[in-house]
Amino acid sequence: MPAMTSRRRPRVAAARTPGQGLGIGRWVRLSATILVCAALIVGADRLRGWLLSPDTLPIRIVKVKGAGEHISSQQVQQVVASNLSGGFFGIDLNAVAHALTAIPWVYRANVQRRWPGTLLIRLQPQRPFAYWGRKALLNTQGDIFTPPVSTFPKGLPALSGPDGKEHELMQRYQATQALFATEGLHVVALREDARRAYRLWFANGIELVIGRDWNVRRMARLAAAYARVLAPKADDINRIDLRYPNGFAVAWKHSNTDGATAPAKE
């Protein structure tokens with residue numbers, strides 16, 4: 001008998017148009033999700049606005065640490081008050097800290113929140129190193145700052161020179177101070193003029209003319225010679241000129257020729 005065979009017709013999937021597979025239920029769920037998300041966004045925005053409002057947990061206490069003698073609490077309070085753009089959550093701490101550094105004697109400021117309504121301010125005052133010209137000071141980092149002249153401390157060395165030479169002159173001062181201190185000389189002033197020539201002054205009134213050639217070895221030889229020869233006569237010395245290649249000249253206070261003597265061998 002011939003074998004019986006049967007063939008099944010392959011099922012043909014019905015073509016669907018886009019969106020036809022989404023039932024009403026799915027549309028409802030999707031719409032509900034969108035509404036919930038929108039509600040959450042609106043709610044979050046309103047919550048954010050409420051938190052950042054100056055009326056929400058306003059700053060009631062400002063604590064200041066490290067103000068030092070030249071920074072008054074009134075100055076700090078004024079700066080904080082002018083930068084209170086929000087409450088506890090809304091206040092811009094960086095803006096307040098930046099504004100505080102505009103106070104001349106403030107070198108650095110750190111501002112933190114303390115729950116529930118306190119602002120804690122830690123100040124690092126400027127540490128003056130020297131006078132810079134007549135109206136400014138140099139701090140220990142070699143940066144210029146300009147507090148009121150009436151607040152200048154006494155007894156600082158006086159440095160002056162072209163703009164941008166602050167760090168260099170500060171280092172030169174420190175080097176010469178260390179060099180001559182061993183011979184009992186204290187450098188109180190150092191100046192670089194517009195021609196890039198240097199002069200310095202010691203506490204005993206002697207002026208040292210260095211010139212444009214800043215030669216540390218030559219100054220070291222002068223320091224040694226000062227201890228051996230010049231120290232007993234220091235009260236009579238007006239100026240020492242170090243611009244000679246093989247020695248120096250001494251100008252005496254009571255000389256009729258401006259004190260300029262022949263260069264002495266070092």
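## Basis

The model is predicted, so local features need pLDDT of at least 70 and side-chain atom pairs count only at pLDDT 80 or more, while totals for chains, interfaces and linings use all residues. Residues are numbered from 1 along each chain as its sequence is written, and side-chain values use heavy atoms, with hydrogens and water left out.

## Overall make-up

The chain has 5 helices and 13 strands. These are DSSP runs numbered from the N terminus, with helices being H or I of at least four residues and strands being E of at least two.

Of the 266 residues in the chain, 34% are buried. Buried means under 20% relative accessible area, exposed means over 50%, and partly exposed lies in between (1.4 Å probe, protein chains only). Contact means heavy atoms within 4.5 Å. Among contacts in the chain with a separation of 6 or more, 46% are between residues 24 or more positions apart.

## Strand β4 and its partners

Strand β4 (residues 128-132) has 4 of its 5 residues buried, so it is largely enclosed by the rest of the structure. Two strands pair if DSSP finds at least two bridges between them. With strand β5 (residues 136-139), β4 pairs in the antiparallel sense over 4 bridges. The two strands form a hairpin with 3 residues between them, and glycine 133 in the turn has a positive phi of about 65°.

Strand β4 is also joined to strand β7 (residues 158-160), here by 2 bridges and in parallel. Tryptophan 132 takes part on both sides: alanine 136 stands opposite it in β5, and leucine 159 is its bridge partner in β7.

## Nonpolar cores

A nonpolar core is a set of buried Ala, Val, Leu, Ile, Met, Phe, Trp, Tyr and Cys residues joined through side-chain atoms within 4.5 Å. In soluble globular proteins, nonpolar side chains tend to be buried together. The largest core here has 32 residues, and those with the most contacts inside it are Leu159, Phe180, Phe202, Leu208, Ile240 and Phe248. Helix α5 (residues 216-230) supplies the largest share of this core, 6 residues. Apart from it lies another core, of 26 residues, which includes Val79, Leu100, Val106 and Leu137.

Leaving aside neighbours within four places in sequence, phenylalanine 180 is in contact with Leu185, Phe202, Leu208, Met219, Leu222 and Ala223.

## Glutamine 177

Glutamine 177 is placed in helix α4 (residues 166-181). With a relative accessible area of 17%, glutamine 177 is buried. Beyond neighbours within four places in sequence, glutamine 177 is in contact with Leu185, His186 and Val187. The side chain of glutamine 177 reaches the backbone nitrogen of valine 187 at 2.8 Å.

## Aromatic pairs

Rings of Phe, Tyr and Trp (its six-membered ring) pair if their centres lie within 6.5 Å; planes under 30 degrees apart count as stacked, over 60 as edge-to-face and the rest as tilted. The count by this rule is 8 aromatic pairs. One of these is the pair of phenylalanine 89 and tryptophan 115, with ring centres 6.2 Å apart and planes at 55°, so the pair is tilted. This pair links distant parts of the chain, 26 residues apart: phenylalanine 89 lies in the loop between α2 (73-82) and α3 (93-100), and tryptophan 115 in the loop between β2 (106-114) and β3 (118-125).

Phenylalanine 89 is partly exposed at 35% relative accessible area, whereas tryptophan 115 is exposed at 61%. Phe88, Phe89 and Trp115 form one aromatic cluster.

## Salt bridges

Side chains of opposite charge can pair when their charged atoms come close. A salt bridge is a side-chain nitrogen of Lys or Arg within 4 Å of a carboxyl oxygen of Asp or Glu, and the count by this rule is 8. Arginine 199 and glutamate 207 meet in one, at 2.5 Å from N to O. Arginine 199 is partly exposed, with a relative accessible area of 25%, and glutamate 207 is buried at 13%. The salt bridge between arginine 195 and aspartate 193 has an N to O distance of 4.0 Å; arginine 195 is exposed at 61% relative accessibility.

In another salt bridge, the closest N and O atoms of arginine 218 and aspartate 213 are 3.7 Å apart. Arginine 218 is buried, with a relative accessible area of 10%, while aspartate 213 is partly exposed at 42%. Salt bridges that share partners also join Lys165, Glu168, Arg172, Glu192 and Arg196 into one network.

Notes:
Polar contact = N/O pair within 3.5 Å; in protein donor to acceptor, adjacent residues only side chain to side chain.
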